Amino acid sequence: MSPVIDPADIEFSAIRAQGPGGQNVNKVSCAVHARFDIAASNLPEAVKARLLALRDSRITDAGVLVIKAQASRSLEQNKADALQRLQALVDAAADLPPPRRATRPTRASQRRRLDAKSRSGQVKALRGKVTD
């Protein structure tokens, strides 16, 4: 079960959206920056560590995850979208990867690999200069 994010841990700030839209874009601040401080949140330590280990450009050096939502013209819908995307990221970090079991190649697969190598070596040996 993945942890649920407390909306009090998220800091929302309204900004002006980018892109086309005419007067509405120029005068209305309906896009949202959602800032989530991973270290200060109430998530389990294992989830925090996996979130901070992600190679994501949205995570700052200070460990703050910044999500920008501007798909809708409504501020509330953009907030909900940012919250949903943040929850999806936390859900992905909460899933433990399955443990890797070390395996060994079978003897037949080893033999096939070595046979292919020797055949390839023979073909390459035949590519040399022809001597009479």
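Here, a residue is called buried when its relative accessible area is under 20%. All of the views below come from a predicted model.

View 1. Asparagine 78 sits in helix 3. What does its side chain reach? The side chain of asparagine 78 gets to the backbone oxygen of cysteine 30, at 2.7 Å. Leaving aside residues up to four places away in sequence, asparagine 78 also touches a set of neighbours: Cys30, Ala31 and Val32, plus Ala69, Gln70, Ala71 and Ser72.

View 2. The closest N and O atoms of glutamate 45 and lysine 48 are 3.5 Å apart, which makes the pair a salt bridge under the 4 Å cut-off. Helix 2 covers residues 45-53, and because the two partners are three residues apart in it, about one helical turn separates them. Are the two partners buried or exposed? Glutamate 45 counts as exposed, with 59% relative accessibility, while lysine 48, at 9%, counts as buried.

**View 3. Aspartate 56 and arginine 58 in a salt bridge.** Here the closest N and O atoms of aspartate 56 and arginine 58 are 2.8 Å apart. Arginine 58 has a relative accessibility of 31%, so it counts as partly exposed.

**View 4. Arginine 85 meets aspartate 81 along helix 3.** The side chains of arginine 85 and aspartate 81 form a salt bridge, at 3.3 Å from N to O. Why are they separated by about one helical turn? Because they are four residues apart in helix 3, which takes in residues 75-94. Arginine 85 is partly exposed at 32% relative accessibility, and aspartate 81 is partly exposed too, at 22%.

**View 5. Helix 2 crosses helix 3.** The axes of helix 2 and helix 3 come within 9 Å, with a crossing angle of roughly 110°. That angle means helix 2 is roughly perpendicular to helix 3, since angles from 65 to 115 degrees count that way. Which residues make the contact? From helix 2 come Val47, Arg50 and Leu51, and they meet Leu89, Val90, Ala93 and Ala94 of helix 3. Sorted by type, the residues of this contact come out as six nonpolar, one charged and no polar.

Notes: Residues numbered from 1 in each chain as written. Predicted model: local features only at pLDDT ≥ 70, side-chain atom pairs only at ≥ 80, totals over all residues. Heavy atoms only, no water. Helix = DSSP H or I, 4+ residues; strand = E, 2+ residues; numbered from the N terminus. Buried < 20%, exposed > 50% of the residue type's maximum accessible area, 1.4 Å probe, protein only. Polar contact = N/O pair within 3.5 Å; in protein donor to acceptor, adjacent residues only side chain to side chain. Contact = heavy atoms within 4.5 Å. Axes fitted to C-alpha atoms, helices over the stretch in contact; angles between N-to-C directions. Parallel < 35°, antiparallel > 145°, perpendicular 65-115°, else oblique. Nonpolar A, V, L, I, M, F, W, Y, C, P; charged D, E, K, R; others polar.
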